[in-house]
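Hi,

Here's the structure I promised to pass on. Have a look at it first, then read on for what turned up.

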Amino acid sequence: MSRRRGARPWVEAGVFAAIAALILVDSGGYPKALPGGGPGPAFFPRLLGVMLLGCAAALVLRPLREAAGRKTDPKTTRRRTGRALLGMLWVAAFLAGAPFIPRLVALPLLVGGLMALAGERSPLLLAAVPLVFTALVEVGFVTLLGVPLP
Amino acid sequence: MADFLSGLLSVLTPGSLLSILAGSVLGVFAGAVPGLSSTVGLALVLPVTFALDPAPALLMMISLYMAAEYGGSITAVAIGVPGSSPALATTFDGYPMTRRGEVGRALGISLFSSMSGGLLGTILLVAALAPLARAAIAFGPAEFFGLGVFGLAIVANLVGKDPLKGIVSALLGLTAFVVGLDVLTGAPRLTFGSSLLMDGLALVPMLIGFFAIAEALESIASGRRRTRRLAGAGSGFPRLRELLGLWPSILRGSAIGGLIGVIPGAGATIASIVAWNEERRVAKRPERFGQGEPAGIAAPEAANNACVGAAMIPLLALGIPGSASAAVLLGGLTVQGVAPGPLLMTERAGLVYALYAGFFIAVATMFAVGRLGIPLWVRVVAIRPAILMPMIVAVSLIGATALRGNPADAWAALFFGIIGFALLRRGYPLAPAVLGLILGPMIETNYRRALTLSSGSHAVFAENPICLILLVFGLLSFAAPMVRNRLGRQRATP
């Protein structure tokens, strides 16, 4: 089964329309004009909001392109998106844990975990690469360049 | 001349030379590995440059930018896959030469042409920067508004395959700029009462998130694998006589690269394709192109390296980054407290002359690194993304945190990485968004200043010839995708 050719981008158009609406609502409270008569802080965000709304509408209304209907196996798409989501969660967990776990422990875990998610299966590489990388970061950033790391 | 010699002397220090060498090695690496690029490479070294003085920091970034343009050709020649998009045209004749067993010859031609193109692009930079900066000193708010709109419109339309998506990306970048305090009145905008958002969204975490983390996430998600290796790349380097015989192609390619490189958004990819096409057009035997014709490597490689020096002209003279790589370079300048624009030549003349001299040394270093390392660079092609990309994510997070010692910047980089990943997945180019964040202040502030000075009359933009020309060209850029598609069709039938 393949993805429907040229499916209209409702979701992204909806997200852009929501951002535009947020801008328009929020900018309603800004001053409209400067005391000297020039355009105030509201002008530019309102213009952006209207243009973004127009682009969202154009995305949905324009003729569908052949190129937009690139065939993709939905299973592959789900697997790839899932892997990326897990990667994002792993990075977020690293950032959340960074204040509590020493860098020399957290960094190899981050790199090793992402390697495993990316499909690396060699136990030797999964162990060695993160350790060598952490050592290089310590030598390169901290010792040679003196960059303060968290 | 005395200023140039003084700049040269300031570059001939161990720190600056080491920075150029490191930038060149990293640049060839970033260019050669598919999935990386000069932009990703520059985003990754940004954290390293925090610890350096302005001259060595900028020289490292410039040499990386230059070397990455050559690095892309290694993969293009060796396995027929461009390491980065500007090397696309090099695959047309480079890979057929490899299949004939002439990989060393093809890489030699590519390296020599890259060096020559880089040299000619640098000469163009030296010749054009000062006059342009002098002309721009007379610019008022209307001209700067026109310049900002022109730069953003042309990038939004030329980058990526779909102009509408480029425009949406630019609008999102402009929206990101609005977050924070209004520059003219101090009124909070899109902060939703959060004190964290009062300072606005920082550029460097956005650059790192968009160009390093998003690309790495994309690569991790797709699980791309490369295991192809190539032997014998170090042998068969062409003789000097053969290389010198390619001068007409190199000169034509460099001229095209220099001209196109100055235009924001056009960039090295378009320049190299146009150069290849032009070379085929003027050739006595055009049927040889696409079959392993040396001139088909020389012209595009000279063009994409000439673009590097040319792209620095609008960046340094006007503060307009014409490409994603130039935008990251602008981030590097900002971090170092260097404000590009018309006054740069007068306020930081020493630094500018050091950059001129550094460019020449960077070109020579690129040649040395490329020549000595050909057997090594061909092996780089075989590095698996599963090993490389996690390290890129880790360096990105470390770099974002190290910028101000603030862990919130690492979270911001991850946030932008996720947004960038989602945009990439849906086919939205990221460069216009970054350009929107960078050019937003120039566009809005000068628009409002011009209107205030003209008592609210929009005629000020039409009455100002430079502004009018720039706005018209910005509008005309909407026709550029049609021209590009036509070129693409021509390319598809070599």
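Which residues of the largest nonpolar core touch the most other members? Keep in mind that this is a predicted model. The core has 215 residues, and the ones touching the most other members are B:Ala43, B:Met61, B:Leu64, B:Leu207, B:Ile208, B:Phe211 and B:Val434. Helix 4 of chain B (residues 54-79) gives this core its largest share, 18 residues. Chain A is involved too: domain 1 (10-69) and domain 2 (74-144) of chain A both give residues to the core, so it lies between them.

Leaving out residues up to four places away in sequence, B:Ala43 touches B:Leu207, B:Ile208, B:Phe211, B:Ala212 and B:Val328.

Next, the place where the chains meet. Here 46 residues of chain B are in contact with 51 residues of chain A. Several helices of chain B supply at least two residues each to the side that touches chain A, among them helix 3 (38-49), helix 9 (203-222) and helix 20 (431-453). Helix 18 of chain B gives the most, with 11 residues. By type, that side of chain B divides into 32 nonpolar, nine polar and five charged residues.

Is B:Gly322 buried or exposed? B:Gly322 has 29 other C-beta atoms within 10 Å, and 20 or more is the cut-off, so it counts as buried. From B:Gly322 to B:Lys165 it's 157 residues in sequence and 18 Å in space, C-alpha to C-alpha.

Cheers

How values were computed: Residues numbered from 1 in each chain as written. Chains lettered and ligands numbered in written order. Predicted model: local features only at pLDDT ≥ 70, side-chain atom pairs only at ≥ 80, totals over all residues. Contact = placed C-beta atoms within 7 Å. Helix = DSSP H or I, 4+ residues; strand = E, 2+ residues; numbered from the N terminus. Nonpolar A, V, L, I, M, F, W, Y, C, P; charged D, E, K, R; others polar. Buried ≥ 20, exposed ≤ 12 C-beta atoms within 10 Å, placed from the backbone. Core = buried A, V, L, I, M, F, W, Y, C linked by C-beta atoms within 7 Å. Domains from an automatic or database assignment.
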